[in-house]
Structures are given as structure tokens and as C-alpha cells.
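Trainee: Hi! Could you walk me through this one?

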Amino acid sequence: MRILAIDDDPVFLELLAGMLKMIGYGQVTTMPSGEHALHELDFSGMLYDCILSDMQMPDMNGAALTAAIRQRTAYRQTPILMITAMSGKNTVDDAFAAGATDYITKPLDIIELRARIGMVDRLLAERRRLAEFARLVGQRAAATEIKAEFETPILIPGFERGIEFLAMENYLLTLGVKRMYSTSAFAIHVKNAAIIFNKASGATYVQMLGDVGAQIVDALKTEDVMIAYAGSGTFVCMTERDLGQSPDDLEILINIGLMDFETIYAADRLPVPQVRVGEAARSAFLSPTKPTRILERAIQSANTPPEKRSKNGQMVA
Amino acid sequence: MDTWAGHQPEHPLARAERLFRTMAVERLDTLSSAWVRLDSGQNIREAMEDIRNVAHKIAGTAASLGHAGLGHQAAEVERLSIEGAGKSDVLRALRPLIAGLAELLDD
């Protein structure tokens with residue numbers, strides 16, 4: 001795995017490269033700033049598999065660097081891990097919003113480093129496996145492969161506001177107790193996703209997800225919401241803000257927007273995607289559970305028709 | 001001050017350890033200079049910024065190289081400077097950090 005590491009402290013870069021070597025990752029290139037890193041990505045001719053960046057750097061911080069890297073087509077999906085001091089954990093929010101995949105805390109712990117990089121390795125291996133499969137058996141078979149992975153969360157090509165579902169889960173784990181309780185999640189489920197999935201090619205199905213994602217962004221009218229595709233036709237949104245609109249209103253707005261595509265879907269003999277917006281899920285003060293539980297509850301709500309949900313409305317994790 | 005990485009030239013962390021010790025000279029100078037400015041009340045903001053930057057860097061690497069005490073002292077100085085602690089508190093926390101760096105250079 002080719003790794004690009006960025007930090008303004010040369011000692012830390014040596015330490016990181018040394019630790020990565022100890023756990024079996026010897027192909028590490030280091031850069032002292034975001035500007036140098038971008039120059040390396042643009043002009044070195046090297047394609048990196050993973051980027052590790054310090055969060056707190058002068059001039060260009062980790063969040064700004066992440067946003068700049070994501071603008072480069074070749075690096076839209078490359079895992080980017082932020083490195084931050086424990087005291088700066090709350091500053092990684094911006095980096096996650098910009099497209100970071102995960103974070104590692106300073107001082108480095110080799111067990112944590114091994115676990116985080118191992119996760120990246122497995123992610124890359126899975127992507128390579130899919131790419132190789134598509135190359136070997138052609139587009140038709142690739143579409144079949146996507147069918148077999150209906151439940152898999154994917155990063156939708158062209159959906160700029162979407163982050164990886166894994167990154168959303170990782171972000172939740174960074175929140176302290178106080179912010180955890182002020183954060184809510186709600187999900188938006190494409191009710192006829194399975195029907196479209198079974199009728200359409202893999203590429204058309206992914207295009208449909210992109211259409212839904214775009215309508216969600218339009219309907220939300222705010223950028224203070226993180227959006228990820230969780231698989232099985234369900235998007236998850238997370239925010240610390242009051243959106244000022246009910247799930248019903250949001251659902252109507254998205255579905256009206258999707259009807260604009262009616263002729264396009266009709267040409268493909270497909271139904272227009274229609275969504276259901278679930279109730280917002282929050283963490284309960286008196287019954288702390290694992291942070292990612294609110295995502296599960298949000299998805300559960302969106303996947304359940306309103307008449308079958310519990311009477312008290314809001315989902316509490 | 002003993003570290004496993006520094007005493008084994010072929011160890012993957014040996015280069016980091018050597019660089020840490022080399023940079024300690026410059027960092028000790030920066031902290032000592034900032035100490036004087038802070039103590040005398042001159043350019044306090046710049047002094048605090050220098051202290052925070054150096055402490056942040058030491059806190060991020062020292063413990064991983066086997067200098068746990070130094071890492072802990074640096075983290076405390078960084079915490080105080082981030083939280084806007086008073087001059088006397090920062091000076092008090094800075095003293096063992098400067099002493100620890102000086103000891104590392106004597107080693």
C-alpha cells in the first residue's frame with residue numbers, strides 16, 4: 001500500500017514512517033505541508049492508496065487539505081485518515097465533513113495504528129476485488145455483482161455531498177457525550193429501491209441513487225447535514241441543527257423533486273424512485289448505548305411505514 | 001533517559017529518535033526564550049504561541065519514542081496554553097518540560 005503522510009513536524013513524520021514499517025507498510029512518502037502534498041499528488045506521477053494527514057498544521061489544515069484532495073478525480077475515494085492530538089479531537093468534524101474517512105490520535109499507539117490501517121487495507125482489497133471482477137467478466141457481470149451487494153454502503157459517484165457510511169460511523173465515535181446528545185440522525189429510504197435494483201443495470205441503479213441524493217440535498221436547504229448512503233436504498237443524514245421541517249414535509253419535497261425525472265425513468269421502463277423519511281433518532285440521556293446506535297434506529301424508522309412505528313414518534317437510541 | 005529505539009541503530013524508530021534528540025536542541029532554545037519573555041511580560045502572546053507549538057510537537061511524539069514523562073509534561077503545557085491558563089501556571093508546568101529536554105541532551 002502506497003501511503004502519503006503529511007505533517008509539519010519532521011520528527012512525527014519519521015516516527016509515523018517507522019511505525020508503519022514495523023507493521024508491514026514500508027512504502028511511505030512524507031510531505032511537510034498541505035501545499036507540498038498537493039504538488040506531490042498532481043506532479044509526481046504516483047498514485048497513492050492512502051493519505052494520512054495531521055489535522056493541525058499552519059497555512060493549510062487537515063480539513064482544507066482533505067477538501068482539496070477530494071476535488072481531484074483520482075482521489076475521490078482514497079481513504080484519508082486525520083491525525084490529531086487528543087486535545088484536538090473536536091476539530092476533526094470539519095475534516096469528516098470534507099471527506100475524511102477516519103482519524104488516529106497522537107501520540108501514536110501502534111495497536112491503534114495497526115487497527116486503523118488494517119481497516120483501510122481491507123477496504124482497498126475489497127475495491128480491488130470488485131474492480132478486478134468487473135474487468136474480467138465485463139459490465140454485464142459487474143452489474144450482477146452489484147446486485148449481489150444490494151445491502152452494501154457505497155460512495156455514489158457524482159454525489160459530491162455524500163460521505164462514506166463508514167466515515168459517518170467513525171465521526172459519531174469522535175463525539176463527546178455532550179455533543180452526542182445534541183446530534184440527531186434520520187434516514188431516507190427509497191421505498192421501491194429493490195424493484196428498481198432488480199429491473200435496472202448496476203449503473204442505472206447507482207444513477208438513481210445519485211438522483212435521490214441530489215433531491216435530498218435540494219430539499220434540506222442547508223449544508224449543516226452530513227449525508228451517507230447506508231446501502232439497501234437508504235440514506236442517513238446527521239445534524240446538530242433543528243432542520244425546521246417535519247419528516248412529512250421533507251418527504252413530500254423530495255418526492256415532488258423526483259417526479260421531474262418521470263420521463264427519463266419511463267424511457268428505461270422503470271418506476272420513479274419514491275422515498276420515505278423516518279423519524280429523527282437521538283441518544284437517550286439516561287440509557288447510554290454505543291454511539292452508532294442512533295444510525296441503526298434512524299434506518300429502522302425510515303424502513304418502517306409510519307402506521308407500523310411505535311406511538312411515541314421520535315426514535316430514542 | 002533511556003529509550004529502546006535510540007539504542008538500536010537498526011530499529012525502525014531509530015531515525016525518529018535521533019531526529020527527536022537533534023530537534024530537542026532547537027526546541028529547548030525556543031522554550032527557554034519563550035520562558036524569559038513570558039516571565040518578563042514581553043510579547044506574551046507570541047511567547048505563548050511558541051510554547052504551545054513546541055509542546056504540541058513534543059506531546060505528539062515523545063511517548064511513542066519511549067519518553068513518556070516528557071510527553072506527559074508537554075501535553076500538560078499544551079493543555080494549559082490552549083485553555084488560556086495564567087502565566088504562572090504555564091511557567092510552573094514549563095519548568096519540568098525544559099528540565100526534561102535538557103536532561104535528554106545530556107544523555
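Mentor: Strand 4 of chain A and strand 5 (residues 102–106) of chain A run parallel and are joined by 5 bridges. Strands pair if DSSP finds at least two bridges between them, and helices (H or I, at least four residues) and strands (E, at least two) are DSSP runs numbered from the N terminus. This is a predicted model, where local features need pLDDT of at least 70 and side-chain atom pairs count only at pLDDT 80 or more, while totals for chains, interfaces and linings use all residues. Residues are numbered from 1 along each chain as its sequence is written, with chains lettered from A and ligands numbered from 1 in the order in which they are written.

Trainee: Thanks! Which residue stands opposite A:Ile83 in strand 5 of chain A?
Mentor: That's A:Ile104. A:Ile83 is also the bridge partner of A:Asp54.

Trainee: And how many bridges join strand 3 of chain A to strand 4 of chain A?
Mentor: There are 4, and these two strands run parallel.

Trainee: Is strand 4 of chain A buried or exposed?
Mentor: Buried: 6 of the 6 residues in strand 4 (residues 80–85) of chain A are, so it is largely enclosed by the rest of the structure. A residue is buried if 20 or more other C-beta atoms lie within 10 Å of its own, exposed if 12 or fewer, and partly exposed in between, with C-beta atoms placed from the backbone. A:Ile80, A:Met82 and A:Thr84 point one way, and A:Leu81, A:Ile83 and A:Ala85 the other.

Trainee: What about strand 3 of chain A?
Mentor: Both of its faces are covered, with A:Cys50, A:Leu52 and A:Asp54 buried on one side and A:Ile51 and A:Ser53 on the other. Strand 3 of chain A also pairs with strand 1 (residues 3–6) of chain A in the parallel sense, over 4 bridges.

Trainee: Switching topic: how many residues of chain B are in contact with chain A?
Mentor: 19 residues of chain B, which meet 14 residues of chain A. Contact means that the C-beta atoms, placed from the backbone, lie within 7 Å.

Trainee: Which elements of chain B give two or more residues to that side?
Mentor: Helix 1 (14–40), helix 2 and helix 3 of chain B.

Methods:
Contact = placed C-beta atoms within 7 Å.
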